[in-house]
Amino acid sequence: MSIFIRGGTVVNADRAFKADVVCFGDQIIAVGEDLEPPPHATVIDATGQYIMPGGIDTHTHMQLPFMGTVTADDFFTGTAAGLAGGTTTIMDFVIPDPQQSLLEAYHLWRGWAAKSAGDYTFHVAVTWWADSVHADMGTLVRDHGVNSFKHFMAYKNAIMADDETLVRSFTRALELGAIPTVHAENGELVYQLQQDLLKKGIRGPAAHPLSRPPEVEAEAANRAIAIANVLGTPVYIVHVSCAESLDAIARARAKGQRVYGEALAGHLVIDDSVYQSTDLEYARAHVMSPPFRGKHHQAALWQGLRGGNLHTTATDHCTFCAEQKAAGKDDFTKIPNGCGGVEDRMSVVWDAGVNAGLLTPSEFVRVTSTNAAQIFNMYPRKGVVAAGADADLVVWDPQGTRTISAKTQFAKGGFNVFEGRTVRGIPSYTLAAGKVVFERGQLRAVEGAGRHVDRPAFTATSAA
Ligand code: URQ
Ligand code: ZN
Ligand code: ZN
């Protein structure tokens with residue numbers, strides 16, 4: 001099966017150029033001007049459109065058991081929704097319960113992910129520490145293509161990693177040639193602030209951002225960066241939401257430390273006024289951590305993306321329906337944390353970034369695909385339109401528009417934080433592994449067609 005994409009402008013992170021693209025099977029086999037279509041090829045006319053590497057969402061939670069429930073999107077519906085938005089690879093999370101074997105949890109998640117419609121790979125969370133965790137980390141790197149380990153510095157009494165776990169796990173990651181990543185919020189401070197608010201009878205969703213101010217995030221970001229600096233490991237900070245955390249990253253990078261930052265599409269365009277809504281269901285729907293912040297933080301995050309102190313854009317796609325969120329209607333600490341976005345990320349970042357003159361098309365590709373592929377060692381299989389790469393491609397219509405709505409989305413959860421936003425810049429075609437899976441509004445995702453992406457370790461300093 002071959003596909004010939006004619007007449008478009010290829011956009012890679014390094015340059016944009018007129019070229020045709022030929023795919024055969026699941027690979028790109030040729031990129032160049034005035035190519036001949038192979039016999040019997042499916043021809044796609046990309047005149048006036050861009051051909052970009054499929055998006056990589058570095059942060060999703062499909063089918064996640066969390067806070068007493070399970071997220072609304074499973075690995076099929078979630079990856080299918082991503083394909084509709086131009087995202088062809090998701091990076092999800094294996095999150096073992098404390099005392100649960102990392103390896104056992106990994107195999108459990110692998111079973112859930114088998115139904116994926118698009119490619120997927122896993123960060124594995126280290127939520128506790130023991131010799132068996134040390135051993136399992138080695139097995140996961142050596143035998144299962146894991147090269148990143150997640151640490152939740154929030155969620156006390158649940159999955160929070162204390163400093164001992166951080167230090168031991170970062171040390172082990174370095175030995176293995178894997179990168180530590182962190183959810184940077186001080187879980188002890190969050191817990192204290194939550195209890196204080198509840199004692200004062202402040203129990204609605206408006207209390208959520210009050211229990212997680214930027215300082216709580218910045219403390220943890222600084223601490224993770226300091227631990228990584230002392231131990232000599234790189235560190236990747238997920239969902240950087242505020243200027244204070246970004247400043248910590250910028251300071252460390254200015255001194256040559258290898259720190260990477262991730263911005264969520266939601267944090268880039270949505271502010272904390274959502275929590276003041278008198279429609280409490282609406283306010284609860286926006287409860288995620290770190291919370292949406294004041295407008296000046298969004299400007300800082302865009303500066304971070306432009307200035308190279310934030311490297312990837314993601315969604316933290318973690319959808320719950322209204323009934324699930326209502327678990328916290330009398331106690332905000334019981335509202336399952338998480339919002340969606342896997343379907344909208346690329347159009348939102350294009351519309352708010354490229355159309356606003358903040359990002360060039362190549363910078364857009366860098367922060368929606370290439371950097372993720374390079375940081376997590378999937379490049380050049382992913383993250384570039386070039387011969388030999390996977391045929392994961394988006395034919396992008398820069399003039400096409402779409403009004404985002406839960407009524408028309410493919411994702412589950414029945415809510416969309418970008419509701420009503422009209423974006424200019426949408427996929428006209430998405431190719432995953434050389435198959436057209438999305439065509440002008442029609443989703444043709446196939447359950448189980450997605451593949452697990454092994455990610456080799458970086459140079460290990462010792463045998464796993
Ligand atoms: O903290 C996370 O990243 C997961 C549990 C999703 N929820 C959220 O509020 N971000
Ligand atoms: Zn998180
Ligand atoms: Zn998350």
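**Notes on helix packing and the zinc pair**

1. Let's start with a pair of helices: α4 passes α7 in a right-handed crossing. A crossing counts as right-handed if the near helix is turned clockwise from the far one by less than a right angle, and as left-handed if it is turned anticlockwise. Helices (H or I, at least four residues) and strands (E, at least two) are DSSP runs, numbered from the N terminus.

2. Some ground rules before going on. This is a predicted model, in which local features need pLDDT of at least 70 and side-chain atom pairs count only at pLDDT 80 or more, while totals for chains, interfaces and linings use all residues. Residues are numbered from 1 along each chain as its sequence is written, chains are lettered from A and ligands numbered from 1 in the order in which they are written, and side-chain values use heavy atoms, with hydrogens and water left out.

3. Back to that first pair. Two packed helices are described by the angle between their axes and the distance between the axes. For α4 (residues 163-176) and α7 (residues 214-231), the angle is about 45° and the axes are 10 Å apart. Axes here are lines fitted to C-alpha atoms, for helices over the stretch in contact, and angles run from 0 to 180 degrees between N-to-C directions. The two helices are therefore oblique to each other (under 35 degrees is roughly parallel, over 145 roughly antiparallel, 65 to 115 roughly perpendicular, and the rest oblique).

4. Who touches whom? On the α4 side you'll find Asp163, Leu166, Val167, Phe170, Thr171 and Leu174, and they meet Arg223, Ala224, Ile227, Ala228 and Leu231 of α7. Contact means heavy atoms within 4.5 Å. Sorted by class, the contact of α4 with α7 has eight nonpolar, one polar and two charged residues (Ala, Val, Leu, Ile, Met, Phe, Trp, Tyr, Cys and Pro count as nonpolar, Asp, Glu, Lys and Arg as charged, and the others, Gly among them, as polar).

5. α7 also packs with α8 (residues 243-254), at an angle of about 20° and with the axes 8 Å apart. That makes α7 and α8 roughly parallel to each other. Pro214, Glu217, Ala218, Ala221, Asn222 and Ile225 in α7 meet Glu244, Ser245, Ala248, Ile249, Arg251 and Ala252 in α8. By class, this contact of α7 with α8 has seven nonpolar, two polar and three charged residues.

6. Next along is α8 with α11, packed at about 25° with the axes 9 Å apart. Here α8 passes α11 in a left-handed crossing. Ala243, Glu244 and Leu246 of α8 meet His297, Ala300, Leu301 and Gly304 of α11. The residues of this contact of α8 with α11 divide into four nonpolar, two polar and one charged.

7. Now the metals. Which residues coordinate the zinc ion (ligand 3)? They are His59 (NE2), His61 (NE2) and Asp316 (OD), at 1.9 to 2.3 Å. Donors are N, O and S atoms within 2.8 Å of the metal (3.2 Å for Na, K and Ca), and water is not among the atoms, so sites may look incomplete. The angles among the four donor atoms of the zinc ion (ligand 3) are 87 to 125°, and the site is tetrahedral. Four donors count as tetrahedral if all angles lie between 85 and 135 degrees; four count as square planar and six as octahedral if opposite donors are over 155 degrees apart and all others between 65 and 115; anything else is irregular.

8. The zinc ion (ligand 2) is 3.6 Å from the zinc ion (ligand 3). Its protein donors are His183 (ND1) and His239 (NE2), lying 2.1 Å from it. The pair links distant parts of the chain, 56 residues apart: His183 is in strand β12 (residues 179-183), and His239 is in the loop between β13 (235-237) and α8. With angles of 57 to 142° among its four donor atoms, the site of the zinc ion (ligand 2) is irregular.

9. Finally, some backbone details. Cis peptide bonds join Ser289 to Pro290, with omega about -5°, and Tyr379 to Pro380, with omega about 5°. Pro290 lies in the loop between α10 (280-285) and α11 (295-307). Asn157 isn't a glycine, yet it has a positive phi of about 65°.
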